[in-house]
Amino acid sequence: MSAAVGGSLRVETDKDTGVAVVTLDRPAKHNAIDLAMAAELARVWRGFRYDDTVRAAVVTGAGTRAFCTGIDRGAEVPQPSSPYSIDDPLLTIGPKTNDLWKPVIAAVRGLACGGAFYLLGEAEFVIAADDAQFFDPHTSYGMVSAYESVHMAMRMPFGEAARMALMGTAERVSARRAYETGLVSEVVAPGDELPAAVRCAAVIASYPTEAVQGTVRAVWAAREAVRNQALAHAPQLIALGNLPADRQAELFANRRGAGAGPAAATGASEAGGGYRLR
């Protein structure tokens, strides 16, 4: 077993099984993704393309409270003046975006929301703890759910994906419901999600990697054209539909102080939906 530790990412590789475990390691921030973690994720996925000791991977979050809650709202991302483009730091955090066709399994415990769907949307399948909860807060804070909605619409029935995107922070999808709708492939006891994902990855990694990668590529080819066309509309929809940053912040602050129950009481890093446009 070998381990590499970045500032906000841990990577452990078992050369005997061929499985790498990538852990988002900001538990105090609910594993929200800052710009450094986003860059580290891209480097890791691209590095796996050249590492023949890695034949399958698992992505998970540190701690028990969250898999990932999207981008850290403290991130400041300069934006072009054109209304036809958006610089989104999460666009390159997924394995497929980085041309990695070795299989990736997501192990989810606790919260998974907003920008977490960039990762879940590019995993082959998801194993979740019974306490996992999925939601998309964008609309609650005056933001368009574009990339996230496309990713989820590729994995869930249309009505379920639309409901989750439109209900915002008012509703969370349980692990059981996520299983029933196809977002999650297996539900296990809390704490068992990572071992279960590693076991699946080890089985897959034991097969000839050329055949496995070809199969991954074939599965994704079945829906890639539709997915790419849908994602191409996202920048304009965000540019047209997002409220100004100060209005987003106002909605966020009001909701945090409203005391409207657990769905509205998420902390700053749990907003999972937006970053400062500058």
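1. Asp72 comes out buried, with a relative accessibility of 13%. The cut-offs here: buried is under 20% relative accessible area, exposed is over 50%, and partly exposed is in between, using a 1.4 Å probe on protein chains only. This is a predicted model, so local features need pLDDT of at least 70 and side-chain atom pairs count only at pLDDT 80 or more, while totals for chains, interfaces and linings use all residues. Residues are numbered from 1 along each chain as its sequence is written, and side-chain values use heavy atoms, with hydrogens and water left out.

2. Asp72 sits in the loop linking strand 5 (66-68) to strand 6 (76-77). (Helices, H or I of at least four residues, and strands, E of at least two, are DSSP runs numbered from the N terminus.) Its side chain makes a polar contact of 3.1 Å with the side chain of Arg26. That term means a pair of N or O atoms within 3.5 Å; within protein, one must be able to donate a hydrogen and the other to accept it, and residues adjacent in sequence count only if both atoms are side-chain atoms.

3. Asn31 isn't a glycine, yet has a positive phi of about 55°. You'll find Asn31 in the loop between strand 3 (19-24) and helix 1 (35-48), and at 0% relative accessibility Asn31 is buried.

4. Asp99, also not a glycine, has a positive phi of about 65°. Asp99 is in the loop between strand 6 and strand 7 (104-108) and is partly exposed, at 40% relative accessible area.

5. On confidence: pLDDT (the predictor's per-residue confidence, 0 to 100) averages 87 for the protein chain, with 87% of residues at 70 or more. Residues 258-278 fall below 50, though this stretch has 65 contacts in the model beyond near neighbours in sequence (contact: heavy atoms within 4.5 Å). Low-pLDDT coordinates should not be read in detail.
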